[in-house]
Amino acid sequence: MSDRAQEKTLAELAPACHECGSCGYIYEPAKGDSKAGIEPNTLFEDLPEDWRCPVCKARRSQFVNIGSSSAPSGFQQNLNYGFGVNNLTPGQKNLLIFGGLVVAFLIFMSFYTLG
């Protein structure tokens with residue numbers, strides 16, 4: 001395999017979030033679990049074996065890796081290209097896209113007040 005194929009995106013390198021398959025709770029390593037005394041920045045893999053979902057008490061085996069939500073998608077060397085949107089996280093990109101659509105719609109609708 002070439003070096004290029006082994007490269008990982010920033011989202012793949014960032015600590016992954018895990019979602020409970022039973023109730024949808026998302027464990028974010030950056031926040032930890034204050035109810036169970038889990039410190040922030042504790043990886044899911046480092047949680048105690050007896051740790052349970054704080055919402056529905058499901059076991060760790062019920063959780064699915066959903067990746068990182070706080071890292072830009074893409075490779076490090078590509079972050080400086082474009083108009084700066086490569087540095088945005090997927091959530092920020094969604095806000096930019098759909099926020100832009102809302103603003104465009106409001107501007108379009110404001111033309112009705114001119115008539």
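Which residues make a nonpolar surface patch of about 1100 Å²? In this predicted model, the patch is made by Val 102, Val 103, Phe 105, Leu 106, Ile 107, Phe 108, Met 109, Phe 111, Tyr 112 and Leu 114. One of these residues, Phe 111, is placed in the segment after helix 3, the helix that spans residues 90–110. The protein chain as a whole exposes about 8400 Å², of which carbon and sulfur atoms supply 59%.

The protein chain contains 3 helices and 3 strands, and from the N terminus on these elements follow the order α-α-β-β-β-α. Of the 115 residues in the protein chain, 23% are buried.

The 3 strands form an open sheet in the order 2-1-3, with antiparallel pairing. Strand 2 and strand 3 stand at the edges and have a single partner strand each, so one side of each is left without a neighbour in the sheet. Strand 1, which covers residues 17–20, is joined by 4 bridges to strand 3, which covers residues 63–67, and the two run antiparallel. Strand 1 is also joined to strand 2, residues 26–27, by 2 bridges, and this pair likewise runs antiparallel. Strand 1 and strand 2 form a hairpin with 5 residues between them, and in its turn Gly 24 has a positive phi of about 90°.

The pairing can be followed residue by residue in strand 1, where His 18 lies. His 18 stands opposite Asn 65 in strand 3 and opposite Tyr 27 in strand 2, while Glu 19 stands opposite Val 64 in strand 3. With a relative accessible area of 5%, His 18 is buried, since the limit for that class is under 20%. When neighbours within four places in sequence are left aside, His 18 is in contact with Tyr 25, Ile 26, Tyr 27, Phe 44, Glu 45, Phe 63, Val 64, Asn 65 and Ile 66.

The largest nonpolar core has 10 residues in all, namely Cys 20, Tyr 25, Tyr 27, Ile 38, Phe 44, Leu 47, Trp 51, Cys 53, Ala 58 and Phe 63. Not counting residues up to four places away in sequence, Tyr 27 touches Cys 17, His 18, Gly 32, Asp 33, Ile 38, Thr 42, Leu 43, Phe 44, Leu 47, Trp 51 and Phe 63. Phe 44 is found in the loop between strand 2 and strand 3, and at 7% relative accessibility this residue counts as buried. Apart from neighbours within four places in sequence, the residues in contact with Phe 44 are His 18, Tyr 27, Trp 51, Arg 60 and Phe 63. Phe 44 and Arg 60 are 16 residues apart in sequence, and their C-alpha atoms are 8.8 Å apart in space.

Side chains of opposite charge can pair when their charged atoms come close. In this model the count comes to 2 salt bridges. In one of them, Arg 60 pairs with Glu 49, the closest N and O atoms being 3.5 Å apart. Arg 60 and Glu 49 are 11 residues apart, and both are in the loop between strand 2 and strand 3. Arg 60 counts as buried at 16% relative accessibility, whereas Glu 49 is exposed, with a relative accessible area of 72%. A further salt bridge is formed where the side chains of Glu 28 and Lys 31 meet, with an N to O distance of 3.5 Å. Glu 28 counts as partly exposed at 26% relative accessibility, and Lys 31 is exposed, with a relative accessible area of 56%.

Technical notes
Residues numbered from 1 in each chain as written. Predicted model: local features only at pLDDT ≥ 70, side-chain atom pairs only at ≥ 80, totals over all residues. Heavy atoms only, no water. Buried < 20%, exposed > 50% of the residue type's maximum accessible area, 1.4 Å probe, protein only. Areas by Shrake-Rupley, 256 points an atom, 1.4 Å probe, with all protein chains shown as cover. Patch = residues over 30% accessible without salt bridge, like charges linked within 9 Å, V, L, I, M, F, W, Y side chains within 5 Å. Salt bridge = Lys/Arg side-chain N within 4 Å of Asp/Glu carboxyl O. Core = buried A, V, L, I, M, F, W, Y, C linked by side-chain atoms within 4.5 Å. Contact = heavy atoms within 4.5 Å. Pairing = 2+ DSSP bridges.
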